[in-house]
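Trainee: Could you take me through this structure slowly, and tell me each time what a term rests on?

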Amino acid sequence: MFTIHETDYSHSRQSKSPETGNAIGVSPDPSSSILGMISRVALPHRGHWWLLCIVLQVMPLFGRITYTLSFEDRFEHYVTVELEVDGLRGKSYQDFKMAVWTPGSYVIRDYARNVVELSAKSTLKDLSVSKLDKNTWRVNLDGQRRIFIHYKVYAFEPTHRTSYVDDDGAMLNGASVYIYPDGMEGQECLVVVNKPRPWDNVTSSLPWVGGRSPVFRAANYDILVDSPIMMGDHTVFDFEVGGVPHRYCIEGEGNYDSQRLLTDTGSIIEQIHNIFGSVPYEDYTIFVQLRGERGGGLEHLNSTHLVTSRWTFSPAAAYTRFLTLVAHEVFHAYNGKRLRPVPLGPFDYERENYTELLWIVEGLTSYYDQLLLRRAELISAENYLDLIAADIQRVEAEPGRLTQTLQEASFDAWIKYYQPDENSPNTTISY
Ligand SMILES: [Zn+2]
């Protein structure tokens, strides 16, 4: 039931060096670009360079997609997005959609509820837009190949499943920000960040492809959604594990000892690398927002986004919980992100993506998150057994374990585990 979809994602980690050529949407990888497609056809015919030149002149770049983010309304917690789509040939209309959920968090969130002031135009004229359903906008192309969609997203929810912006910075989770042109999810896209002057840093696990403003490239919509961006005055701590670059990006002040945090995290990640025997990413980013009351995190392909209390780094029990969360999310870089059930990628962003195997994706990861701390010798054997005992006690105290199987718990996570009520302990069990 498991499959390795390494090729779906791995091509996101291309060269990290600035490639200003990408600013016009031509990929440096000739096999994946329109230039490459043309060259494979045209170049074998010697003396036909003039033909190639004409083709390049008249042929629009197919499906060029660029998101430009700006923050002039950040005081009111709005992100302004201008989406440019080029190469729309032979169509009378194009539909645009907003995701209804984000991978890793299995509940319908209807991100379109935060979209306002959506309009469309070309370089010549305004284009009519009609709303088809809760998350779909239809743009009448009126013969235009290159169009611009303008909209704003209200972002005032500082969780690992949503986005937040204020005067000091922004933390953007892709599913809640980027509408996508329907049918073009497989295409490469660029993200241009018009950073407000006071903001020092813009950080993403996406390759930075240059430009005066930060410009990131995503190989497809799945990669884009899977790559949060943190902006503002967050602190960046770089460290290496087995020669592989890692970094913490921490927003907000907290009671952490940075040297100890980096050393302990490095020890945990080293244990994860040892289990699998290889490292599936070129670099890894741990985004931390110190503004929540309780800990929570979401796994991404080459990063994780944690939201937790600024006081989580002591006493020891709280720090152990935080390191367990880090271990859990980094472990997901393997289990869940690359080794995963078939329905979990490429994703359908419009509806529930059902699987009976969340107990593997989450359960196995949860089993290892505490064990990794013991293997890294960050907790004692006695401490570890206490944690396991507490887990067992919690499960045995819930009558729901006798009525719901792990497969059922996985499949119904969308309507049960993620939507608990007063009867949940009697009828459900955590996968
Ligand atoms: Zn998890």
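Mentor: What you see is a predicted model, in which local features need pLDDT of at least 70 and side-chain atom pairs count only at pLDDT 80 or more, while totals for chains, interfaces and linings use all residues. Residues are numbered from 1 along each chain as its sequence is written.

Trainee: How do you know how confident the predictor is along the protein chain?

Mentor: We read pLDDT, the predictor's confidence in each residue, from 0 to 100. The protein chain averages 87, and 85% of the residues score at least 70. Over residues 1-61, however, pLDDT stays under 50. Where pLDDT is low, the predicted coordinates should not be read in detail.

Trainee: How many helices and strands does the protein chain have, and what makes a run count as one?

Mentor: Ten helices and 22 strands are found, where a helix is a DSSP run of H or I with at least four residues, a strand is a run of E with at least two, and both are numbered from the N terminus.

Trainee: Why is strand 13 called largely enclosed?

Mentor: A residue is buried if 20 or more other C-beta atoms, placed from the backbone, lie within 10 Å of its own; it is exposed if 12 or fewer do, and partly exposed in between. Five of the six residues of strand 13 (residues 189-194) are buried, so the rest of the structure largely encloses this strand. For the protein chain, buried residues make up 39% of the 431 residues.

Trainee: What makes strand 13 a partner of strand 2 and of strand 15?

Mentor: Two strands pair if DSSP finds at least two bridges between them. Strand 2 (residues 65-70) is joined to strand 13 by six bridges and runs parallel to it, with threonine 68 bridged to valine 192. Strand 15 (residues 215-218) is joined to strand 13 by four bridges, and these two run antiparallel; here valine 191 stands opposite phenylalanine 216.

Trainee: How do you know on which side of helix 5 the buried residues lie?

Mentor: The buried residues of helix 5 are Leu261, Thr265, Ile268, Ile269, Gln271 and Ile272. They cover an arc of only 150° around the axis, which puts them on the same side of helix 5; the arc is that of the directions from the helix axis to the C-beta atoms. The face turned away from that buried side carries the exposed residues Gln259, Arg260, Thr263 and Asn274. Strand 17 (235-241), strand 18 (244-251), helix 6 and helix 7 are among the elements that cover the buried residues of helix 5.

Trainee: Where does helix 7 bend, and how is the bend defined?

Mentor: Helix 7 bends by about 25° at aspartate 369, the bend being the angle between axes fitted to the seven residues ending at a residue and the seven starting there. Asp369 is also one of the buried residues of helix 7, which include Trp359 and Leu372. Just after helix 7, glutamate 377 takes a positive phi of about 60°.

Terms used:
Two residues are in contact if their C-beta atoms, placed from the backbone, lie within 7 Å.
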